[in-house]
Amino acid sequence: NPSRFDLTIPGRVDGALIARRLEETRTPCVVYSPQMYPEFPPFVRLFPELAQYLGSRYQKQEVIRGGDSEWWGLVRLPETP
């Protein structure tokens with residue numbers, strides 16, 4: 001984990017810092033839930049800038065489902081010259 005945040009839930013999470021660290025370290029993959037808990041808004045509403053960053057630098061490779069949960073496995077897109 002390139003950032004100090006293990007969970008992206010409302011509170012003291014800095015989405016911009018997460019995006020910066022992912023970019024600085026060229027992190028090859030990310031796993032996250034688009035709807036971590038039913039009582040929270042969707043990830044894209046909680047962290048719009050981070051969601052936009054992930055959408056522009058990663059592609060969904062896998063969807064992991066269990067019970068009512070869904071997690072997305074993203075892989076970094078190749079660098080363009």
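Arg21 and Glu24 pair up through their side chains in a salt bridge, with 3.7 Å from N to O. This is a predicted model, so read the distances as computed ones. The two residues sit about one helical turn from each other because they are three residues apart in helix α1, which covers residues 15–25.

How accessible are the two ends? Arg21 counts as partly exposed, at 31% relative accessibility. Glu24 counts as exposed, at 56% relative accessibility, since the cut-off for exposed is over 50%.

## Glu23 and its two arginines

Now for Glu23. The side chain of Glu23 meets that of Arg26 in a salt bridge of 2.8 Å, N to O. Arg26 has a relative accessible area of 40%, making it partly exposed. Glu23 is partly exposed too, with 21%; buried would mean under 20%.

Glu23 also forms a salt bridge with Arg57, at 3.2 Å from N to O. Here Arg57 belongs to helix α3 (residues 48–57) while Glu23 belongs to helix α1, so this pair ties together parts 34 residues apart in sequence. Arg57 comes out as partly exposed, at 33% relative accessibility.

Which residues end up in one network? Salt bridges with shared partners link Glu23, Arg26, Arg57, Arg76 and Glu79. Glu23 is one of those shared partners, given its bridges to Arg26 and Arg57.

As for the overall tally, the model has seven salt bridges, counting a Lys or Arg side-chain nitrogen within 4 Å of an Asp or Glu carboxyl oxygen. Among them are the Arg21–Glu24 pair and the Arg57–Glu23 pair.

Key
Residues numbered from 1 in each chain as written. Predicted model: local features only at pLDDT ≥ 70, side-chain atom pairs only at ≥ 80, totals over all residues. Heavy atoms only, no water. Helix = DSSP H or I, 4+ residues; strand = E, 2+ residues; numbered from the N terminus. Buried < 20%, exposed > 50% of the residue type's maximum accessible area, 1.4 Å probe, protein only.
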